[in-house]
Amino acid sequence: MKKPPQLPPPRKKIAKDAAQAVKRVDSLTTQAVTAKTLSELLGLPGMRVIRFAVEEENKAQYLHLFCEHEHDVAICPRCMTATTEVHEEKERCVRHLDIWGMKTLVHFPQRRFDCDVCGKPFTENLEWIGAKRRQTSAFEMHIYERVKHKAPRKQVALQGGLNEATVLDIFKRQAKRATRQADDSRVCVLGVDEISLRKGHKQYALVLSDLGRRRVIAVLPNRLKKTFEQWLESLTEAERQAIRVVSMDMWDAYRQAVRKRLRHAKIVADRFHVMKQLNHQIDLMRRSMQRKAKKESDEALYQALKGSRWVLLKNRSTLAPEQEAQLETILAISDELRIIYLLKEEFRTICDKIKNQTRAQRFLWAWTGRALATGSRYLTRFVKTLRNWWHEFLNYFDDRVTQGFVEGINRAIRGIINRAFGFRNFDNFRLQVLVECGGV
């Protein structure tokens, strides 16, 4: 008889009230405060704080920490030999994380050593600050996290006492490092969709997503076939072979690129984009009928159609009572619209309910026949588009892969663009999207 699985021990709740912390003192493992532990708490390993000073300027307080090195030895980065021969020292001051609400500055001697083996001088590497940096690594990470979590760069610069260009430089450097270290597991289900960078200017970026793990993996500067093909070519053979499904909207350039570079992959036409095409044709028909009713003084039909766009396009099950009443009025007045609307709802039901490609093909063939029998030029256009993507759309009924996640990501990217009032530099935009939406 199998033993029931053991549940993990309950997590201890830390009291929010600091006064209650006295009850937990006996269970805490404490350490004595020494020069070493103090340096670790301050995030300055290998340094020893020997004195400090507090300065006030323009109603802001600054904490100056004066440090010295704990060790007199350094490792040559070329031959990995230890040396104690100091070539020169130079006093430096760098920005650190705020302490007690005061802007903190760390003063220390920057040392260069002479290597006995190489015979060349070198600057020692310090764990807590990058080479030629004016801010500690901890401070740079703090700035990066603030920008990553949607704080405007101008605001971060103002609060941190930095130049906005410095904030951007820190963010770009940390973002590039984070994207290089991101999970590089192979993509199995690739989502392909574009987003408009500037409305009305035909400027698009191509967003590529890992639909399996729900994250953005690349942002390309345009939606050209050549650009997409180059990205696919940049993948290793193993990475290309791992992609088994590619979900896309009905943009033929994407289909051609996948057929050329990923011949083994199954292409799925996103059902929401297919439905969008049908809704677009219905909306064109509604607008045409509304204009005709106004021209021919058909007041009843004109008033019924006025403001009815979303009443006709939304799923009937989600309509409010007043919208349902308006819909009933429209369908009672116009036989043509009633037939088209019922066909639209039938198409949506096929997409929702059928989960087998063979059955879906049978139902869709019957549906297209009824659609063409109406003689509507709007439905004829949609059927033509549907038949151009027939096999790709049928693949949806086997895998049921959709781009619902991608559409949500597009809204998040639109928020990034709006928050920044647009991006002049595409690389900055790409990094911001990868950091916020790429699972970095």
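**Aromatic rings in the model**

Reader: Quick one on Phe-426: how exposed is it?
Author: Phe-426 is partly exposed because its relative accessible area is 24%, where buried means under 20%, exposed over 50% and partly exposed in between (1.4 Å probe, protein chains only). This is a predicted model, where local features need pLDDT of at least 70, side-chain atom pairs count only at pLDDT 80 or more, and totals for chains, interfaces and linings use all residues. Residues are numbered from 1 along each chain as its sequence is written, and side-chain values use heavy atoms, with hydrogens and water left out.

Reader: And Phe-429, buried or exposed?
Author: Phe-429 counts as buried, because its relative accessibility is 3%.

Reader: OK, ring pairs now. How many aromatic pairs are there?
Author: Rings of Phe, Tyr and Trp (its six-membered ring) pair if their centres lie within 6.5 Å; planes under 30 degrees apart count as stacked, over 60 as edge-to-face and the rest as tilted. That rule gives 13 aromatic pairs.

Reader: What kind of pair do Phe-113 and Phe-122 make?
Author: Their planes are at 20° and the ring centres 6.0 Å apart, so Phe-113 and Phe-122 are stacked. Both Phe-113 and Phe-122 are buried.

Reader: What about Phe-426 and Phe-429?
Author: Phe-426 and Phe-429 form a tilted pair, with 50° between the planes and 5.9 Å centre to centre. Both sit in helix α17 (residues 426-437), three residues apart, about one turn of the helix. Helices here are DSSP runs (H or I, at least four residues), numbered from the N terminus.

Reader: Which residues do ring pairs link into a cluster?
Author: The cluster joins Phe-347, Trp-367, Phe-382, Phe-393, Tyr-396 and Phe-397.

Methods: Helices (H or I, at least four residues) and strands (E, at least two) are DSSP runs, numbered from the N terminus.
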